[in-house]
Amino acid sequence: APGRVVLIDGSASMALPVRPGDPAAPTRLDSAMTVLAGLAPERVYRFGDEAVGIPPDDLSAMEATEPRSRIAPALEAARLGGADSVWVVTDGDLGDRVEGLDLAAGLGLGVREVRVAEDVPRAGLAAVRAPRRARAGDTVRIAAEIRATGGEATDSLTVEVRLDGTVLALARVERPTAGRAVVADLPFVPLDPGEESAWRRYEVALEDGADPFGASDRLPAWIEISEASNGAVLVSTVPDWEARYLLPALDRLVLGGARGFLRLADGRYMEMAANPRPVEEDAVRRSLTGARLLVVQASPADMPDWLGDALARHPRALVLSRGPGLVPGAGVRLSGPVPGEWYAMGPVPASPAAALLADVDFDPLPPMTELYAVDRGGAWSVLSANRDRRGESRPLLIAGERGETRWAVSPGADWWRWASRGGPPRRVYDGVMSGVVGWLVEDARSELVALRDVPAAEQPLEWRVRPGVTDLALRVLDEEGGEVFSSTWEAPPERLGTDGLPPGRYEVHIEAEGPEGPVASVRPLEISPDGSEMLPRLSAPPAFLEPAGSRGPAIEGRAPRPVWPFVLAVLVLCAEWAWRHRIGLR
């Protein structure tokens, strides 16, 4: 068995100074090396993500670069090497302290921890959550998770969102107790990018001094700012009240919100918003790019060619027909209108909205005054209506799907009459729209190829590919324009994995053939170093465990275990046996 064994922390936090605010202070690793020289060990293990044995006479290669500080592998290596006890030289920020000490106790390994850093109040950003895409003029919300530890400090913390040094949002949050976290909500309105879309790098930052080492008080957030919406887009060529009630429902139901446009004349449209404004047709067409759901209120015969083409190509569409004709994309032909007043009636057909309409009273609903005949084919009916309550039955809303494409068509008009009455009719309106829109946008992907999550350094990248994409070309360039990755797939799978990248900023070029036609895009990608090791952790007293055996030298400074409890236990056992024998028990 070795004489003295020392485990030395080689994680990235050991590169920090032992004291904050002192430029001349040595690093924690420098202090650890001084302690190590005084211990004169016979065997040394550096621990971080893994355990590495280092000859005691060649410690010049010691570095503090490991992304984690896991002590368990080093404890196990030391025990397998014959050690009975170890010294642990660390800054105290052990990622698996509890698991490591439990392992040492189970192995009968003695542990004495030596700290080489002060316990100071610290706060750090653990994570930042931001939307991948946002529309200029809309409110964007960034959530920042903050952790803190240490002694006495201020009762609150300030966190900011900055763009090129300009503060866009600021929040004051209560400082979390040691070992816990708090989430700050940071809303702001991004400015118009001045072009079709632009990627912007926002910086989330804690106030100066929150982390005196400056190691965990900054995190980036990349957001694509665009005129287009990644939620729902409503285009109406009919000036009635339908959009007045449907647009707020879409904004509530579809992730990314909703935008609405009403055709005026001569290719001009009005954007339906809190401050309505006229826009050109090109702006409406650009808004469809990347939208999860396309909603069209128009007569198929009076639909602009570009809108019909977009409707035929879009994977998720809702059509409120206001006339006869062939509905693009759905393959449904409407005829009529059918005369009469049409009242919604039960029972509710089986559909995604059935659960929301099971207990609805249809009696208070006003009639539909305009209904078109439709051959629904393989589509299912959301709701049916009877002529004058007792006549023939026809569908008010139908839906269907082909592969990844889903569509819904309303042969009836005047849905807004239900919503305008409030009460039970409004609840029926909300139930129908919630069920149908929820089904349409379920698993909807607005992009042909999207990065699932930005991984840590050297971790594989996972891409999600929309079904129907072919001839995919993926290239990754570094900051100097050098190509670090390039590959093509004729028929890519829905989940695509590529090799991990070292920390840095990159540019991803994507070219593919999708259902809507060829698409080419460029997006930035920033891979940050794993910052978990730099985050504040719950402080604990230095560890001390006695060795369970005597195979090696015990840790100095502790008396051996007394023998008399074992002698007493043997005497009690013998006395019990003698007594049982005396009274005749066996």
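## Salt bridges

A salt bridge here is a side-chain nitrogen of Lys or Arg within 4 Å of a carboxyl oxygen of Asp or Glu. Side chains of opposite charge can pair when their charged atoms come close. This is a predicted model, and a search of the whole structure turns up 35 salt bridges.

One of them joins glutamate 66 to arginine 46, with the closest N and O atoms 3.7 Å apart. The pair links distant parts of the chain, 20 residues apart: glutamate 66 sits in the loop between strand 3 and helix 2, and arginine 46 is in strand 2. Both of these residues are buried.

Another salt bridge brings together the side chains of arginine 129 and glutamate 145, at 3.9 Å from N to O. Arginine 129 belongs to strand 6 and glutamate 145 to strand 8, so the pair ties together parts that are 16 residues apart in sequence. Arginine 129 is partly exposed, at 44% relative accessible area, while glutamate 145 is buried, at 17%.

Then there's arginine 277 with glutamate 271, where the closest N and O atoms are 3.0 Å apart. Arginine 277 counts as partly exposed because its relative accessibility is 42%, whereas glutamate 271 is buried at 4%. Shared partners also join Arg28, Asp91 and Asp93 into one salt-bridge network.

## One face of helix 2

Helix 2 covers residues 72–80, and its buried residues are Ala72, Ala74, Leu75, Ala78 and Arg79. Look down the helix axis and they fall within an arc of 165°, so they line one face of the helix. An α-helix has 3.6 residues a turn, so residues three or four places apart point the same way.

What do the buried residues of helix 2 pack against? Their partners are strands 1, 2, 3, 4 and 5, along with helix 3. After helix 2 comes glycine 82, which has a positive phi, near 100°.

## A buried proline and an exposed tryptophan

Proline 176 is in the loop between strand 10 and strand 11. It counts as buried because its relative accessibility is 10%. Beyond its sequence neighbours up to four places away, proline 176 touches Ile146, Arg147, Ala148, Leu157, Ala181 and Val182.

Tryptophan 564, in helix 10, counts as exposed, with 58% relative accessibility. Together with Leu568 and Val572, Trp564 makes a nonpolar surface patch of about 350 Å².

## How confident is the prediction?

The chain's mean pLDDT is 85, and 93% of its residues reach 70 or more. Over residues 550–560, though, pLDDT stays under 50. For that stretch the model has 27 contacts beyond four places in sequence.

Notes
Residues numbered from 1 in each chain as written. Predicted model: local features only at pLDDT ≥ 70, side-chain atom pairs only at ≥ 80, totals over all residues. Heavy atoms only, no water. Helix = DSSP H or I, 4+ residues; strand = E, 2+ residues; numbered from the N terminus. Buried < 20%, exposed > 50% of the residue type's maximum accessible area, 1.4 Å probe, protein only. Contact = heavy atoms within 4.5 Å. Patch = residues over 30% accessible without salt bridge, like charges linked within 9 Å, V, L, I, M, F, W, Y side chains within 5 Å. Areas by Shrake-Rupley, 256 points an atom, 1.4 Å probe, with all protein chains shown as cover. Arc of directions from axis to C-beta. pLDDT = per-residue confidence, 0-100.
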